[in-house]
Structures are given as structure tokens and as C-alpha cells.
Amino acid sequence: QEAGTRVTWGEQVTGKPDRLLVAKIGGHDIAVRQPQWLQQIAQAKCAGASIWVDYTDHHIGFKSVMSDFYAQVLKQSDMVVCPSGQMQSMLHECLAEICGPTTRPDIRIVADAIEVTISAPKTRINNPVNMLWFGHQSNISYLAKFLTERLPALNLPKNLLILTNEQGLQ
């Protein structure tokens, strides 16, 4: 406020923003919340707001409960911020399909502070093999498929630690 900037957040757009940042909205009650959010975003855009989207997960490239929301909001966006060049490239491809020949949003990278250079796998003598899976409940089916279809072929003793939200553990 000292700089003359007013910042609000939540489920409702209040006032007449100059810039509306759409960040992770979460998938809970998405069937109810999606039309409400999209309507508010469209109203803000019609009132002159610049729509910015924080695109940290590739919901357009991989089917999720959030895919349709992101497809719709990206059509209305002026700026998209993503965490890596790889995500930027994947999003460019998807936007060509979503937006067609219409104007596409500018895509900028704000590098993810925890992105690291990928190293080639190395054989280690640790026994048993320890694995960590950190993910959202919507991806647990992929983990289960990996555990049943691919992991047994590796024939390794293993410990698996799963970090997810409470719904994912149920």
C-alpha cells in the first residue's frame, strides 16, 4: 500500500484491478468454481484488466481436472509465467491448438529456484534402493501403474516414501 498498490486474493475479484494474476486455484469443487472464476476473469478483462496466469503445472498437455479451466483461462490471458524453457516450449505448442490463429499470450519464464540440471542415472551400491515420490493425488494412478508394471522388472529391493496430500493417502 505504501507504493500505492492494492493487492487482494481469494475467490472473488474485488474492485477494478489493472492486473489480475491467476495462480493455482486447486481442483476442489472445480465444477462449481470454474464457471465462477472464468466469469470473473472475463469481467475483469472486459473492464480493462491485464490477465496474467501462473502456469507451473502442465495441465493442458496432460489430462487433469484442471485441464479445461486452464484451456479457457489461457485464451483470455495476456501474459503467462512458467518455470522453465521446457514448459514454455510445451505451452507454445498447446497454445497453437487452443488459440488457433488468434492472438496468443506472451509467455515469460521465471526460473524455478529448485530446478536442477538433470544428471545421468548412476549405479550405486546402496541396498536397499530408496525412492521418494512427491506428488499430487491426481497423479497417484501413474505411480500405481509404475509400481505394478515397471518396477518389478527392475528386480531391486526397495523402500518407497510417498509424500502427498491427505486425500491422496486415502
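Q: What makes up the lining of the largest pocket by class?
A: This is a predicted model, in which local features need pLDDT of at least 70 and side-chain atom pairs count only at pLDDT 80 or more, while totals for chains, interfaces and linings use all residues. Residues are numbered from 1 along each chain as its sequence is written, and side-chain values use heavy atoms, without hydrogens and water. The lining has eight nonpolar, 14 polar and three charged residues; Asp, Glu, Lys and Arg count as charged, Ala, Val, Leu, Ile, Met, Phe, Trp, Tyr, Cys and Pro as nonpolar, and the others, Gly among them, as polar.

Q: Why is this space called a pocket, and which residues are closest to its centre?
A: On a 1 Å grid over the protein atoms alone, a pocket is an open set of points where a 1.4 Å probe fits, with protein on both sides within 12 Å along at least five of seven lines, and lining residues have an atom within 4 Å of a point. Of the 25 lining residues, Asp-57, His-59, His-136, Ser-138 and Asn-139 are the closest to the centre.

Q: What is the class make-up of the second largest pocket's lining?
A: Eleven residues are nonpolar, seven polar and seven charged.

Q: How do you know which residues Phe-69 touches?
A: Contact means heavy atoms within 4.5 Å. Leaving out residues up to four places away in sequence, Phe-69 touches Val-22, Ile-25, Gln-34, Trp-37, Leu-38 and Ile-41.

Q: Which members of the largest nonpolar core touch the most others?
A: Val-22, Val-53, Tyr-55, Phe-69 and Val-73, of 27 residues. Such a core joins buried (under 20% relative accessible area, 1.4 Å probe, protein chains only) Ala, Val, Leu, Ile, Met, Phe, Trp, Tyr and Cys residues through side-chain atoms within 4.5 Å.

Note on methods:
Buried < 20%, exposed > 50% of the residue type's maximum accessible area, 1.4 Å probe, protein only.
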